[in-house]
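Student: I'd like to learn how to read a structure I've never seen before. Can you walk me through this one?

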Amino acid sequence: MVRYDLRHLHESFYDKMMDLLENETKKGEVAIFLFEIGDFSPIQKTADLVKGAGHELLNSLKFNEVDWTISVRRKK
C-alpha cells in the first residue's frame, strides 16, 4: 500500500494521480490518494478516471473539511 498527497496540486491533480497509479504502483497494489475537493466535482471525475483505466475504486472518503481520499487497487 502506498499513499500519495496531491493536495498541493489543487484542481490539477488528475494527470499526476493517473501517472502515479500507472507507473509507480504494482499490479494488485493499493494506492491511497489525498486531494482537495473544492466544489465536489473531482469526486465523480476521479471515480470515472479510475474505472475508465480498468482499476478498482475501493473507497472514497471525506478526510476533513476540504480534503478527500480515495483508495484504488491497480488491476493491470
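Student: What radius of gyration would a compact globule with 76 residues have, and what does the chain have?

Tutor: Keep in mind that this is a predicted model. For 76 residues, a compact globule would come out near 11 Å, and the chain has 11 Å, so the two agree.

Student: How many helices and strands does the chain have?

Tutor: Two helices and four strands.

Student: What share of the contacts joins residues at least 24 apart?

Tutor: Start with contacts between residues at least 6 apart in sequence; 61% of those join residues at least 24 apart.

Student: What percentage of the residues is buried?

Tutor: Buried residues make up 38% of the 76. As for the accessible surface, it comes to about 4600 Å², with 51% belonging to carbon and sulfur atoms.

Student: Let's zoom in on one residue. Is aspartate 67 buried or exposed?

Tutor: The cut-off for buried is under 20% relative accessible area. Aspartate 67 has 4% relative accessibility, so it counts as buried. You'll find aspartate 67 in strand β4, which covers residues 67-73.

Student: Which side chain joins aspartate 67 in a polar contact?

Tutor: That's arginine 7, at 3.2 Å. Leaving aside neighbours within four places in sequence, aspartate 67 also touches other residues, including Leu34, Phe35 and Lys62.

Methods. Residues numbered from 1 in each chain as written. Predicted model: local features only at pLDDT ≥ 70, side-chain atom pairs only at ≥ 80, totals over all residues. Heavy atoms only, no water. Rg over C-alpha atoms; globule rule 2.2 N^0.38 Å. Buried < 20%, exposed > 50% of the residue type's maximum accessible area, 1.4 Å probe, protein only. Contact = heavy atoms within 4.5 Å. Areas by Shrake-Rupley, 256 points an atom, 1.4 Å probe, with all protein chains shown as cover. Polar contact = N/O pair within 3.5 Å; in protein donor to acceptor, adjacent residues only side chain to side chain.
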